[in-house]
Amino acid sequence: MLLIWNQVTGTEKEFRLKEISFSLEAGYLMVLAGPNGAGKTTLLRYMLEEKKNYTGEILLDGCEIHEDHKKTLSEIGYISEENSFFEEYTAMENARLLSVFYKEWEEELFIRIMKDMELSVNKTVGTMSRGELMKFQMAFAMAHKPRLYLLDEATGGMDPVFRKDFYKIIRKILEGENASVLMTTHIQEEIEKQADYIGIMENGKIIRFGENREDDSFYPKTEERQEKQ
């Protein structure tokens, strides 16, 4: 699987992305970082929205994602606080209702992953903490075996101990499946220790992109980070 963004520029009048280009191969984790309002969530949204609101190309395995957007969505696992669920229903009930959109869905796998995450499938979604909601979404995504995981600030509500376990899960996905992960985060430790590739965003543009080698020349200086927070 190969994800390619080629000179993508938004056509919306409001905030938009500008000349975004990068590629992500299967087996790798790419992190998008930058201040609030930089365009990280907007970048993910361009792939999820039914309407093509950009010029340029977003290719998944050589095909523009909006040529068959329904197929594209079946190959994406999206984990975000913005996702909508039936809050009065349990995790299991939600999973069964939503699973009809994914031909690769495996209920037993979903149950096993939820158990590994120490989250009951019988818990009502509306009563979940933010961290629990992210765990539920990750379990659901893994159960329909997407080829591209999009994680929008997914670890923000997790305690440090589970956050480490969460990255073990991600690494297992990358090692065992033909999949890649594109995530946004504001947690500096995750950027420096977990990412294979890093894109730094500012004002709708990727101002830095490269392999994560913890090279001081790649990261903003400490005073730069503080100014942008």
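Colleague: What is the relative accessible area of Phe209?

Modeller: This is a predicted model, in which local features need pLDDT of at least 70, side-chain atom pairs count only at pLDDT 80 or more, and totals for chains, interfaces and linings use all residues. Residues are numbered from 1 along each chain as its sequence is written, and side-chain values use heavy atoms, with hydrogens and water left out. Phe209 belongs to strand E10; helices (H or I, at least four residues) and strands (E, at least two) are DSSP runs, numbered from the N terminus. Buried means under 20% relative accessible area, exposed over 50%, and partly exposed in between (1.4 Å probe, protein chains only), and Phe209 is partly exposed because its value is 34%.

Colleague: How far apart in space are Phe209 and Val31, C-alpha to C-alpha?

Modeller: In sequence, Phe209 and Val31 are 178 residues apart. In space, their C-alpha to C-alpha distance is 9.9 Å.

Colleague: Which residues of helix H1 are buried?

Modeller: Helix H1 covers residues 40-48 and is mostly covered, with 7 of its 9 residues buried. The residues concerned are Lys40, Thr42, Leu43, Leu44, Tyr46, Met47 and Leu48.

Colleague: At what angle do the axes of helices H4 and H5 cross?

Modeller: Axes are lines fitted to C-alpha atoms, for helices over the stretch in contact, and angles run from 0 to 180 degrees between N-to-C directions. Helix H4 spans residues 107-116 and helix H5 residues 130-143, and their axes come within 8 Å. The crossing angle is roughly 150°.

Colleague: Is the crossing of H4 and H5 left-handed or right-handed?

Modeller: A crossing is left-handed if the near helix is turned anticlockwise from the far one by less than a right angle, and right-handed if clockwise. The crossing of H4 and H5 is right-handed.

Colleague: How many nonpolar residues does the contact of H4 with H5 have?

Modeller: Contact means heavy atoms within 4.5 Å. Leu109, Phe110, Ile113 and Met114 in H4 meet Phe136, Ala139, Phe140, Met142 and Ala143 in H5. Ala, Val, Leu, Ile, Met, Phe, Trp, Tyr, Cys and Pro count as nonpolar, Asp, Glu, Lys and Arg as charged, and the others, Gly among them, as polar. By class, this contact has no polar residues, no charged residues and a nonpolar count of 9.

Colleague: Why does Phe140 count as buried?

Modeller: Phe140 sits in helix H5. Leaving aside neighbours within four places in sequence, Phe140 is in contact with Ala95, Leu98, Ser99, Tyr102, Trp105 and Phe110. Phe140 counts as buried because its relative accessibility is 8%.

Colleague: Which residues does Gln137 touch, not counting those up to four places away in sequence?

Modeller: Gln137 is found in helix H5, and Gln137 counts as buried because its relative accessibility is 3%. Its partners are Tyr78, Ile79, Ser80, Asn83 and Phe85.

Colleague: What is the volume of the largest pocket?

Modeller: On a 1 Å grid over the protein atoms alone, a cavity is a set of points where a 1.4 Å probe fits but cannot get out, and a pocket is an open set with protein on both sides within 12 Å along at least five of seven lines; lining residues have an atom within 4 Å of a point. Grid points are joined across faces, edges and corners, and a volume is the space filled by probe spheres set on the points. For the largest pocket this volume is about 540 Å³.

Colleague: Which element gives the most to the lining of the largest pocket?

Modeller: The lining has 21 residues, of which Leu73, Ser74, Ile76, Phe101 and Tyr102 lie nearest the pocket's centre. By class, the lining has 10 nonpolar, 7 polar and 4 charged residues. Helix H2 (69-74), strand E6 (76-80) and H5 each supply at least two residues. With 5 residues, the element that gives the most is H2.

Colleague: What is the phi of Asn203?

Modeller: Asn203 is placed in the loop between strand E9 (197-202) and strand E10 (205-211). Leaving aside neighbours within four places in sequence, Asn203 is in contact with Phe15, Lys18 and Ala38. Its phi is a positive value in a residue other than glycine, near 55°.
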